[in-house]
Amino acid sequence: MDLGISGLNALVLGGSRGLGFASAQALVEAGVKVGVNGRNAENAHYAAKQLGNNAVALPGDVSIPVGRKAIMQQMQQQLGKVSILITNAGGPPPGPVDQHDHTTWLHALETNMLSALDFAVMCLPAMKTAGFGRIINITSFTVREPYANMGLATSVRAGLTGAMSSLAKEVAPFGITVNNLLPGLMDTGALERVYKAQSERDGISIETAKQRMAESIPMQRLGRAEDFGHVCAFMSSRHAAYMTGQNITVDGGLVKSLL
Ligand SMILES: NC(=O)c1ccc[n+]([C@@H]2O[C@H](COP(=O)([O-])OP(=O)(O)OC[C@H]3O[C@@H](n4cnc5c(N)ncnc54)[C@H](OP(=O)(O)O)[C@@H]3O)[C@@H](O)[C@H]2O)c1
């Protein structure tokens, strides 16, 4: 299917690995020119090289305001204005709500909420002028179904969801859509850290820990990065023009909610 976005520019934050990288890959396949971000410069350059001539590396830390500005400047210098923005970063640490200190809360807010808002605000003027824009935030299935020990991650993403739901209505007249993608249990970095920890804690093999997780999912398998990347590319496409303010779960049926 022609997604109708060939030749446009996308900025994929946290795009050097995992779900971000799969999103960047699917966008490149659709003919989009992609700026790939990540803190580790070597990994970002390696990712851009894997993606080919239509990708550039934009190393930097999205949790720091000055880092965000530098990434945006690099994007504009190397590729130009952003038509498609994918916001993403590593998730906050797990743990009981009453065990996180103030600094940890502030860091999670900066990394997983305020960074996405800042980038959206920086990209909006050019999107408004063009009469086209796609903003897609990678959040989490826990926004739909809270889990114990995931309070920090869920809170900052719920906050982002609230802000983005208002933004979606504000920018809809300009042809800009704003949506959130909620990964379920996907076999990428964030989950890898969880099943490795479970394997050590419970004295089981990594394969057993993965299998145990897979059995909790109606589709009986963990999600693959590409399951996610293609949905992201579709939501970036011209065909998704009438969908905005949505929370789209990519989870193999995991979440126990009606909507
Ligand atoms: N995988 C799942 O099952 C799952 C489920 C629910 C929610 N999520 C959330 O979805 C997001 C992506 O997950 P994933 O599994 O794809 O993670 P991942 O494989 O660990 O990849 C994270 C990416 O973000 C980059 N990154 C991390 N912190 C950054 C920062 N401060 N500034 C810029 N780049 C940063 C990483 O590169 P560097 O390390 O080089 O910075 C990497 O490219 C995470 O927020 C995760 O919590 C994942």
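## The shell around the ligand

The residues of the shell around the ligand divide into 10 nonpolar, 16 polar and 3 charged, where Ala, Val, Leu, Ile, Met, Phe, Trp, Tyr, Cys and Pro count as nonpolar, Asp, Glu, Lys and Arg as charged, and the others, Gly among them, as polar. This is a predicted model, in which local features need pLDDT of at least 70 and side-chain atom pairs count only at pLDDT 80 or more, while totals for chains, interfaces and linings use all residues. Residues are numbered from 1 along each chain as its sequence is written.

Of the 29 residues around the ligand, those that come nearest are Gly-14, Gly-18, Arg-39, Gly-91 and Gly-189; a residue is near a molecule if its C-beta atom, placed from the backbone, lies within 6 Å of it.

## Elements and domains that supply the shell

At least two residues of the shell come from each of α1 (18–29), β2 (33–38) and α6 (189–202), with helices (H or I, at least four residues) and strands (E, at least two) taken as DSSP runs, numbered from the N terminus. Because domain 1 (9–185 + 224–250) and domain 2 (187–222) both give residues to this shell, the ligand lies between them; the domain bounds come from an automatic or database domain assignment.

## Strand β4 and its partners

Strand β4 (residues 84–87) pairs in the parallel sense with strand β1 (residues 9–12) over 3 bridges and with strand β5 (residues 133–138) over 4 bridges, where two strands pair if DSSP finds at least two bridges between them. The bridge partner of Val-12 in β4 is Ile-86, and the bridge partner of Ile-84 in β5 is Arg-134.
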